Amino acid sequence: MPRYLALASLLLGISSAAHAQDSVFTHADTLRGSITPERAWWDVTFYDLHVSANPGDSTIRGWNGITYKVTGPSAALQIDLQVPMEVDSIVQEGQVLGATRDGNAFMVTLKAAQAPGSSHTVTVYYHGRPRVAHRAPWDGGYVWATDSLGRPWVVTANQGLGASVWWPNKDTQADEPDSQRVAITVPDPMMDVSNGRLRSTVHNPDKTTTYEWFVASPINNYDVAVNAGQYAHWTDSYKGEAGKLSMDFWPLDYHKAAAEREFVQAKTMLQCFEHWFGPYPWYTDGYKLVETPHLGMEHQSAIAYGNHYQNGYLGRDLSRTGWGTRWDFIIVHESAHEWWGNSITSKDIADSWVHEGFANYAENLYAACRDGARAGDEYVMGTRPLVQNRSPVVGRYGVQNDGSGDMYYKGGNMLHTIRQIINDDAKWRRILRGLNKEFWHQTVTGQQVEDYISREAGVDLSTVFTQYLTTTKIPVFEYKVNADSISYRWGNVVPGFAMPVRARLTDKGWTLLHPTETWQTAPLTVNSATGFGLDRNFYVDMVNVALTPPSR
């Protein structure tokens, strides 16, 4: 692996082996990644989470009230809580319920059958020393850190691993509550910043304080966050498409001046993304940036920020074009997830490209918003050397497998290529905004997103999605130059692949070609053979088969 690619892969938590074809998935993977019979019959409507965190011994204790609606014949009820956390009791309607532990899942026995359409609450009391995230945010869990003054600084980050690493819930992205309370108790003088809006602050006799936050919208389990430290705070607002959006900023107290300089980028980000994607999805819950000891995470309405108040990705330009150091990567990328990942959420993490591919593509759009179309094009093309193509983007369904890290750069370049295929920026913008309207605050499959784009584009893009998401093969434009013509076809492609591409055949500009797997011929009138080329905005390779053997 090239040094720069290895660095970027490490920083982004990319594992090229995540979708290895010989991967062995376990019973525990199925319990986490599928809609088991013990999950299928109930729909979460509200989580009432109360947790006390003790930095002194890295333990937590609390309870979660899980309110749900019965959607079918009731059976045992699966609640997820990962080892080494322990359940103290599970209570419903004043009665303690029995439960059998199956690894990271508890199968709870109900006292009686529950009628479809009825609503119930089950409360889980628990405690323990949760798994520590040593390389947050990529290996999930709790971060028991200290700031530069030696004061406790406690945060959570658990995407992929799952929220059940620290609190009991129905740990699947396919089921979100309609709303949630997050009440976090921490020792004084720490304060907690979590998702949504602060409803109350209660000072307790034991020199702790409970901060009660309320999320009035659906929220992913993994987005629920603890951010406890000694913060400064200021507020602002943004006049957006859906009215006045509150903006709250929470840096460590001694970083306030730096944050005031850096966080002004949040407004230009919102302006750009509302233009392309539609209204910010959480006007009710507001927008927050919260400093964390790890690099960053898309915690809904409370974006985790740890980029050290500098542009780029920890000061680097991952595209190596120069454009990526003109804005703060974490503000842009993680905030893009408010639309892609938080509002539109994949039901199965195998389709995580819906989150990361679109968020990566949003970086390209922001570069263009800020510095013009050329900046956006060059930025996204500059990330192509980071694509590894060792395993497909899409993971295995039903076993908690999110595929390869290529969901970032390959996903972004696929979307940029689709924009070229459509070749109508007004339509492309309508599609991006339409996705956010059609699937507003919903969980989806990747197939639903693919079908929507094809339908609204008026172009069958199914083989394009299949090519880039389910194989490791980049399309190869194979060609042979004759005296006054060029012969061409697609190689290294899935059956039926017929993506158009722009080529320079004359000195007057681009010509749209429609290659297939069968050889075709077109006139070639550029000054010399070296004048022929493809539009680099299309993510494809090209090979002169007169000089190089064809791909098959």
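**Close-ups of a predicted model**

**View 1. Helix H6 is mostly covered.** In helix H6, which runs over residues 329-336, eight of its eight residues are buried. Bear in mind that this is a predicted model. Going along H6, the buried residues are Phe 329, Ile 330, Ile 331, Val 332, His 333, Glu 334, Ser 335 and Ala 336.

**View 2. Helix H8 and what covers its buried residues.** Helix H8 takes in residues 373-382, and its buried residues are Ala 375, Gly 376, Tyr 379, Val 380, Met 381 and Gly 382. Look around these buried residues and you'll find H6, H7 and H9 among the elements that cover them.

**View 3. Helix H12 and its cover.** Helix H12 spans residues 462-470, with Val 464, Phe 465, Gln 467, Tyr 468 and Leu 469 buried. The cover over the buried residues of H12 includes helix H7 (353-371), H9 and helix H11 (446-457).

**View 4. The largest nonpolar core, and a second one.** There are 96 residues in the largest nonpolar core, and the ones that touch the most other members are Phe 273, Tyr 287, Trp 353, Trp 428, Leu 435 and Ile 453. H7 gives this core its largest share, nine residues. A second core of 54 residues is separate, and includes Leu 77, Val 143, Ala 163 and Ile 184.

**View 5. The surroundings of Tyr 287.** Here we zoom in on one residue. Leaving aside residues up to four places away in sequence, Tyr 287 touches Leu 245, Ser 246, Met 247, Asp 248, Phe 249, Ala 266, Met 269, Tyr 280, Ser 301, Ile 303, Ile 331 and Ser 335. Two of these, Ile 331 and Ser 335, are also among the buried residues of H6 in View 1.

**View 6. The largest cavity.** By type, the lining of the largest cavity splits into three nonpolar, eight polar and five charged residues.

View 7. Ala 136 and Pro 137 are joined by a cis peptide bond, with omega at about 5 degrees. Pro 137 sits in the loop between strand S8 (119-128) and strand S9 (141-146). Another cis peptide bond links Asp 188 to Pro 189, again with omega about 5 degrees. For Pro 189, the place to look is the loop between strand S11 (179-187) and strand S12 (191-192).

View 8. Glu 93 isn't a glycine, yet its phi is positive, about 55 degrees. You'll find Glu 93 in the loop between strand S4 (86-92) and strand S5 (95-96). Is Glu 93 buried or exposed? Glu 93 counts as exposed because its relative accessibility is 64%, and the cut-off for exposed is over 50%. Asn 423, also not a glycine, has a positive phi near 55 degrees. This residue lies in the loop between helix H9 (409-422) and helix H10 (425-438). With 57% relative accessibility, Asn 423 counts as exposed too.

Key. Residues numbered from 1 in each chain as written. Predicted model: local features only at pLDDT ≥ 70, side-chain atom pairs only at ≥ 80, totals over all residues. Heavy atoms only, no water. Helix = DSSP H or I, 4+ residues; strand = E, 2+ residues; numbered from the N terminus. Buried < 20%, exposed > 50% of the residue type's maximum accessible area, 1.4 Å probe, protein only. Contact = heavy atoms within 4.5 Å. Core = buried A, V, L, I, M, F, W, Y, C linked by side-chain atoms within 4.5 Å. Nonpolar A, V, L, I, M, F, W, Y, C, P; charged D, E, K, R; others polar.
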